[in-house]
Amino acid sequence: MIRLLSTGFLLAMVSPIWALDLILPDTSYQGDMIVGRVVPSADVWTGGKALTVSTAGYFVIVLPRDQENDAVVLARQGDSQKKRTIRILARKWRIERINGLPKKKVSPDQAALRRIKADAQRVNAVRSSPPDPVGMFLEKGFALPVEGRVSGVFGSQRILNDKPRSPHRGLDIAAPTGTPVLSPADGIVRLVADDMYLMGNTIIVDHGLGVRSIFIHLDRILAKEGDRVTQGDLIARVGQSGRATGPHLHWGVFVGTVAVDPEKVVTE
């Protein structure tokens, strides 16, 4: 069911659009993913970038963690155009200290750095691939992929073994090894990778319109590349492969190459 939500994951609940319109929230937060709607034949831009519009007129806007300026969205159909401005609200980010990691995982040698670079290239190739124009996630939305304790949140400044690192780009959920990992939304499995240096066993699921989930530190992978999955399908089991101090799932949500807050896209 398509719903209108006040969180960062907006699905516009409207009757069919027969004239140019641009349905968006007035405000949103850093790290949010917004789903807007326009007449299907219109073109939509934001930040000078053309967005993919589905056959039903839905499109996705991503607000990076460090977004400071308001988002200006322009829709055009023939000689008609409409412009909307979304006011961006700042968030206060946590500081998370994680100690006890193996030194080679925090300060890797040259051989390890080459592996990390190769792993990143595989992941980024999927993230930067052309968006699937079908919004497979639109009907059911997103659910949490695993039950457990939230042990790490999106956007927090990570300090690993007392060394500052990049902000956290996902949601960590602690659970025993072997706990089922379920697909949070409908999609297609685009990447299955074993034993990445930092991420360990990894899956990427494409949900359409440029929205993709990544699941890392897995114990077992139970899906294959090209599999079509629906929300709730078993795709893997929790582990602690790669750089991890204990069994947990790292779930990241990206729009293109930009990470958004997974907790804000959950709709049930």
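What is the volume of the largest pocket?

**Entry 1: the model.** I worked from a predicted model, in which local features need pLDDT of at least 70 and side-chain atom pairs count only at pLDDT 80 or more, while totals for chains, interfaces and linings use all residues. Residues are numbered from 1 along each chain as its sequence is written, and side-chain values use heavy atoms, with hydrogens and water left out.

**Entry 2: the pocket.** I looked up the largest pocket and found a volume of about 1000 Å³. A pocket here is an open set of points on a 1 Å grid over the protein atoms alone, where a 1.4 Å probe fits, with protein on both sides within 12 Å along at least five of seven lines; lining residues have an atom within 4 Å of a point. The volume is the space filled by probe spheres set on the points, which are joined across faces, edges and corners.

I noted 36 lining residues, of which Arg158, His168, Ile216, Arg243 and His250 lie nearest the centre of the pocket. Helix H2 gives the most to this lining, with six residues. Among the other elements that each supply at least two residues are helix H1 (103-106), strand S17 and strand S20. Helices (H or I, at least four residues) and strands (E, at least two) are DSSP runs, numbered from the N terminus.

**Entry 3: strand S17.** I then followed S17 (residues 211-221), where eight of the 11 residues are buried; buried means under 20% relative accessible area, exposed over 50%, and partly exposed in between, with a 1.4 Å probe and protein chains only. S17 pairs in the antiparallel sense with S20 (residues 248-255) over six bridges, and two strands count as paired if DSSP finds at least two bridges between them. In this pairing, Val211 stands opposite Val255.

Strand S16 (residues 200-208) is also antiparallel to S17, over six bridges, and Ile203 has Phe215 as its bridge partner. I recorded that S16 and S17 form a hairpin with two residues between them, and that Leu209 in the turn has a positive phi of about 60 degrees. With S19 (residues 234-238), S17 forms three antiparallel bridges; there Leu218 is partnered with Val238.

**Entry 4: a separate look at an open sheet.** I found an open sheet of three strands in the order S1-S3-S6, with antiparallel pairing. Strands S1 (22-23) and S6 (58-62) stand at the edges with a single partner strand each, so one side of each is left without a neighbour in the sheet. Five bridges join S3 (residues 33-38) to S6, and Arg37 stands opposite Tyr58.
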